[in-house]
Amino acid sequence: MALRKIVEQGEDCLKKVCRPVTEFNPRLVSLLDDLLETLAEAGGAGLAAPQVGVLRRACVVMDDETEEYIELVNPEIVSRSGEQTGPEGCLSVPGKWGLVTRPQYVRVRAQDRNGDWFEVEGEGLLARCFCHELEHLDGHLYTEHIDRFLTDAEVEEYFSREEET
Ligand code: ZN
């Protein structure tokens, strides 16, 4: 495993539609391992392959409740419901946050590192995270959904409110 460099907003690789993963080989295994290690080191909630410069449909997401990582290869959202609005950040847009409205619940179909299909569902933060990471695979960033970044005071307020609930 190795840490990879996370590219930042403005780089071309964050604007490209990624290609499906077709070969479930050692190269994919090391990509997923590196995504996990890089995400753990950065302390984020999710990381997509294009964020480390690899234009393939693969990402990793942390389940905030179990603190386990979920690997998603060729993921697609198969159902969604409800709505939530809350602060969202991105390792490719460091130190910034914006309010984004997402579904409250999503169900995702994806392959694992062996190519086996599975489905996983998420609510709240996990649903937000699935939506955010899957968007990266189509060349989109959360910043396309916001009018402005939150101020430091607003960010502080949102997170202190979350701790209370
Ligand atoms: Zn992101």
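**Helix, strands and a zinc site**

Visitor: How far apart are the end C-alpha atoms of helix 1 (residues 26-42)?
Guide: At 1.5 Å a residue, helix 1 with its 17 residues should span 24 Å, the expected span being 1.5 Å times one less than the number of residues, and helices (H or I, at least four residues) and strands (E, at least two) being DSSP runs numbered from the N terminus. The model is a predicted one, in which local features need pLDDT of at least 70 and side-chain atom pairs count only at pLDDT 80 or more, while totals for chains, interfaces and linings use all residues. Residues are numbered from 1 along each chain as its sequence is written, and side-chain values use heavy atoms, with hydrogens and water left out.

Visitor: Which strands do the buried residues of helix 1 pack against?
Guide: Buried residues (under 20% relative accessible area, with exposed over 50% and partly exposed in between, for a 1.4 Å probe and protein chains only) of helix 1 include Leu28, Leu32, Asp33, Leu35 and Leu39. These buried residues pack against strand 1, strand 2 and strand 3.

Visitor: How many bridges join strand 2 to strand 3?
Guide: Strands pair if DSSP finds at least two bridges between them, and strand 2 is joined to antiparallel strand 1 by 3 bridges, with Gly46 and Val61 as bridge partners. Strand 2 is largely enclosed by the rest of the structure, because 4 of its 5 residues are buried. With strand 3 it forms a hairpin that has 6 residues between the strands, and Glu67 in the turn has a positive phi of about 60°. Strands 2 and 3 also run antiparallel, and the bridges joining them number 5.

Visitor: Which residue in strand 6 stands opposite Arg80?
Guide: Strand 3 (residues 69-81) is paired with strand 2, where Met62 has Tyr69 as its bridge partner. Strand 3 is also joined by 6 bridges to strand 6 (residues 105-111), the two running antiparallel. Opposite Arg80 in that strand stands Val106.

Visitor: Which residues are the protein donors of the zinc ion?
Guide: Donors are N, O and S atoms within 2.8 Å of the metal (3.2 Å for Na, K and Ca), and since water is not among the atoms, sites may look incomplete. The donor residues follow the spacing C-x41-H-x3-H in sequence, and distant parts of the chain are linked by Cys90 in strand 4 and His136 in helix 2, 46 residues apart. Cys90 is buried at 9% relative accessibility, as is His136 at 1%. Lying 2.0 to 2.3 Å from the zinc ion, the donors are Cys90 (SG), His132 (NE2) and His136 (NE2).

Visitor: With which side chain does the side chain of Gln51 make a polar contact?
Guide: Gln51 lies in the loop between strand 1 and strand 2 and counts as buried because its relative accessibility is 1%. Leaving aside its neighbours within four places in sequence, its contacts (heavy atoms within 4.5 Å) include Cys90, Glu133 and His136. A polar contact is a pair of N or O atoms within 3.5 Å; within protein, one must be able to donate a hydrogen and the other to accept it, and residues adjacent in sequence count only if both atoms are side-chain atoms. At 2.9 Å, the partner of the Gln51 side chain is that of Ser92.
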